[in-house]
Amino acid sequence: MRRYISCVSVFIALIFTEALSPARAQTPLEHFAALPLMSNPKLSPSGDKYAALISLQGKQIFVISPVTEAGGKRVVLDMGDTDMRGWRWVNEDWLVASVADVKKIRGSDWLITRTAKIKADGSSTDLLVNRDAAQNASDILWVANDGSPEILLAYQTSIYSNYPGFWPQVDHINLETGKKKTIAKSLQNVNSWYADPLGNVRLGIARNHQNLSSKLYYRKRNGQLFKTVDRAKRKNDESLTIPSIFLAEPGKAMVFDDQDGTDSLYLYDLDSLTLGEKVHEVKGYDIDGVIRNSEGNALIGYGYTDTRYRIKWTDARLQEIQDALDKSVPGQAATIVSMNRDQTRFVVSVGSASRPGLYYIFDTNWGRMLKLGTVNEQLKNRSYAPVKSIRYTARDGLSIEAVLTLPKGRPAEKLPLIMMPHGGPFARDSESWDWQAQFLADRGYAVLQPNYRGSSGYGVAFALKGEGQWGLAMQDDLDDGVKWAIEQGIADPERVCMVGGSYGGYAAMRASHRNPDIYKCAISYAGVSDLPAMLRYDRRYLGSKWGRTWVKEQAPDLRGVSPINYADEVNVPMLIMHGKRDRRVKVNQSRKFAKALEKAGKDVRYIEQPEGDHHFSLEADRVQFLQEMEAFLAKHIPAG
């Protein structure tokens with residue numbers, strides 16, 4: 001423990017040297033809009049290298065870099081226009097990455113996913129099974145943990161549902177030689193496969209899209225036939241139990257179950273298919289995910305989000321390190337985001353909801369911390385607008401948790417208020433750095449981000465409260481948040497605007513015609529205006545009838561809650577922005593709504609970003625969005 005404390009004592013000096021730097025009265029807009037200088041760094045198995053996205057000339061570029069200057073050269077890879085959706089190390093020489101792009105197939109846009117193999121020295125970057133693959137080919141089930149360059153990849157070979165190849169097969173692939181062998185053949189209706197840490201494809205989930213029933217196929221090892229071991233019918237609200245970890249002990253696993261109201265971890269017997277004792281839970285909140293050991297056969301920690309994201313380590317040594325890191329950064333969060341196989345070298349993210357954050361390398365043998373990179377080079381790690389979690393009561397008595405950001409150094413009285421609902425909508429906000437909220441607070445606005453009913457992380461009952469309530473009670477929760485802020489004296493009722501992206505953009509569109517008495521303006525980025533059209537576009541991604549059924553459960557009257565049908569009733573100024581290259585929400589969702597508003601003679605400004613996507617991946621698009629938003633708000637609900 002002394003070694004850990006001596007290491008982090010240097011950490012304290014590093015953090016507080018930057019923390020004491022003076023903050024500016026008003027920060028340049030471009031500083032908030034800057035892309036993260038570094039994001040999602042992941043250590044190689046040895047810990048000598050890391051892979052991450054970095055910002056270069058306003059774009060995000062993939063890099064593979066040595067941890068120390070003596071470790072060799074940095075490799076910089078431009079993945080082109082494809083979305084880099086995730087990556088993982090296979091061994092010291094190879095990585096695999098999931099990439100996505102939209103292609104025209106018979107005149108329609110299709111989201112295509114692929115798996116790229118990347119040589120760590122940059123000498124080779126190729127798509128796996130590209131010629132054989134159909135729409136989806138990025139489901140990496142397993143990577144070898146013995147240092148060999150081997151993976152299991154599930155992929156489709158046909159886009160036609162009446163062909164066997166529509167259902168993914170699983171291949172064992174050697175990245176070095178390119179050799180592959182089919183381990184699990186396509187099975188009717190099976191679109192999800194699961195493998196154990198030894199590379200055995202153990203489970204397959206089959207979903208019948210006609211009667212909305214499902215089956216669980218199971219075997220103990222490769223080469224055996226699959227047997228049906230469980231069934232479930234959606235109409236009966238039944239579900240299958242799927243292992244999250246195949247434990248080292250034969251026939252044992254660990255699973256999530258919500259029988260007590262929240263997602264908790266239980267032991268599970270694979271031979272008898274019975275649920276065992278509950279081993280980990282977080283009162284009032286769901287467990288977000290598990291962290292496995294390097295062999296993949298044991299739990300070493302789990303993540304959860306209460307007011308912010310946290311990790312509880314079940315490994316005593318890792319928890320000891322975590323405790324030491326936490327003590328070194330009072331008022332900030334130290335999160336271990338990656339570690340090497342031996343658990344001696346760690347990437348640690350340090351920051352808070354008020355600070356952009358930094359990345360450090362922490363090595364238990366060095367006796368010191370090594371700064372890896374900053375999240376925002378312009379903002380450094382200074383403290384900006386204060387952020388806190390609050391709760392208010394919705395009109396039906398439901399308790400709603402929300403994140404409140406207030407201008408720094410100003411009384412929280414009669415401020416212009418930005419209601420900023422999150423996307424998803426099955427997602428949530430928490431106390432974490434938010435460049436948009438921080439920019440708005442810097443300009444004098446209070447920002448409220450409610451986790452309205454149907455948001456994730458609060459258990460089954462809270463999620464079910466959102467069923468059938470898109471644009472209805474979920475919208476009421478937002479309005480009730482405004483009411484709370486006014487009653488608290490924080491918000492000026494004459495200066496309230498809703499701003500949101502994706503589902504949040506839909507909520508802003510909905511508010512523009514539903515509640516002009518509450519909101520004086522609305523801003524939508526990548527919002528959805530026409531739910532039936534969204535459903536038609538998403539039919540290839542939502543799993544046919546399963547996805548359509550789910551959406552219709554969330555909004556039974558799709559047309560009745562679609563803003564496109566209420567253009568004549570919009571009575572507040574609107575700013576609508578959308579990226580033309582958005583792969584998630586088609587640009588027509590904003591384009592058609594803006595045209596309908598213009599035709600109805602409404603006050604609307606529509607901007608289409610030619611290279612923009614759903615995630616503000618280009619810095620220029622971020623800058624333009626903040627510039628347009630700042631000017632629009634200054635005109636309609638000025639802060640000064």
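A residue counts as buried when its relative accessible area is under 20%. Asp 476 has a relative accessibility of 16%, so Asp 476 is buried in this predicted model. The side chain of Asp 476 meets that of Arg 514 in a salt bridge, with 2.9 Å from N to O. Asp 476 belongs to helix α6 (residues 473–487) and Arg 514 to helix α7 (residues 503–514), so the bridge ties together parts 38 residues apart in sequence. Arg 514 is partly exposed, at 26% relative accessibility. The pair does not stand alone. Arg 395, Asp 479 and Asp 480 are linked with Asp 476 and Arg 514 in a network of salt bridges.

The count of salt bridges comes to 27. Among them is the pair of Asp 132 and Lys 180, whose side chains meet at 3.8 Å, N to O. This pair links distant parts of the chain. Asp 132 sits in the loop between β8 and β9, Lys 180 in strand β12, and 48 residues separate them. Asp 132 is partly exposed, with 39% relative accessibility. Lys 180 is also partly exposed, at 44%.

A further salt bridge joins Lys 278 and Asp 260. Their closest N and O atoms are 2.7 Å apart. Here too, distant parts of the chain are linked. Lys 278 is in strand β20 (residues 274–280). Asp 260 is in the loop between β18 (252–257) and β19 (264–269), 18 residues away in the chain. The partners fall into separate accessibility classes. Lys 278 is partly exposed at 26%, whereas Asp 260 is exposed, with a relative accessible area of 52%.

One disulfide is found in a search of the whole structure. It is formed by Cys 497 and Cys 521, with their sulfur atoms 2.4 Å apart. Cys 497 lies in strand β32 (residues 491–501) and Cys 521 in strand β33 (residues 521–525), so the link ties together parts that are 24 residues apart in sequence. The angle about the S-S bond is -135°, and the link is left-handed. Cys 497 and Cys 521 are both buried.

Arg 536, Lys 586, Lys 592 and Lys 595 form a positive surface patch. Lys 586 is placed in the loop between β34 (574–579) and α10 (588–599). Its relative accessible area is 31%, so Lys 586 is partly exposed. Patch membership requires over 30% relative accessible area and no salt bridge. Lys 586, at 31%, therefore passes the area cut-off.

Backbone geometry was examined next. The peptide bond that joins Gly 424 and Pro 425 is cis, with omega at about 0°. Pro 425 lies in a loop, between β30 (415–419) and α4 (435–442).

Positive phi values occur at Val 129 and at Asn 189, neither of them a glycine. For Val 129, phi is near 45°. Val 129 is found in the loop between β8 (125–127) and β9 (139–143). That loop also holds Asp 132, the salt-bridge partner of Lys 180. Val 129 has 12% relative accessibility, so it counts as buried. Asp 132, by contrast, is partly exposed at 39%.

For Asn 189, phi is about 75°. Asn 189 is located in the loop between β12 (180–184) and β13 (190–195). Strand β12 is also the strand that carries Lys 180. Asn 189 is buried, because its relative accessibility is 16%.

Asp 48 lies in the loop between β1 (38–43) and β2 (49–56). At 43% relative accessibility, Asp 48 is partly exposed. Its C-alpha atom is separated by 40 Å from that of Tyr 525. Along the chain, Asp 48 and Tyr 525 are 477 residues apart.

Key. Residues numbered from 1 in each chain as written. Predicted model: local features only at pLDDT ≥ 70, side-chain atom pairs only at ≥ 80, totals over all residues. Heavy atoms only, no water. Patch = residues over 30% accessible without salt bridge, like charges linked within 9 Å, V, L, I, M, F, W, Y side chains within 5 Å. Areas by Shrake-Rupley, 256 points an atom, 1.4 Å probe, with all protein chains shown as cover. Salt bridge = Lys/Arg side-chain N within 4 Å of Asp/Glu carboxyl O. Lys, Arg positive; Asp, Glu negative; His and termini not counted. Charge placed at Lys NZ, Arg CZ, Asp CG, Glu CD. Helix = DSSP H or I, 4+ residues; strand = E, 2+ residues; numbered from the N terminus. Buried < 20%, exposed > 50% of the residue type's maximum accessible area, 1.4 Å probe, protein only. Disulfide = S-S within 2.5 Å.
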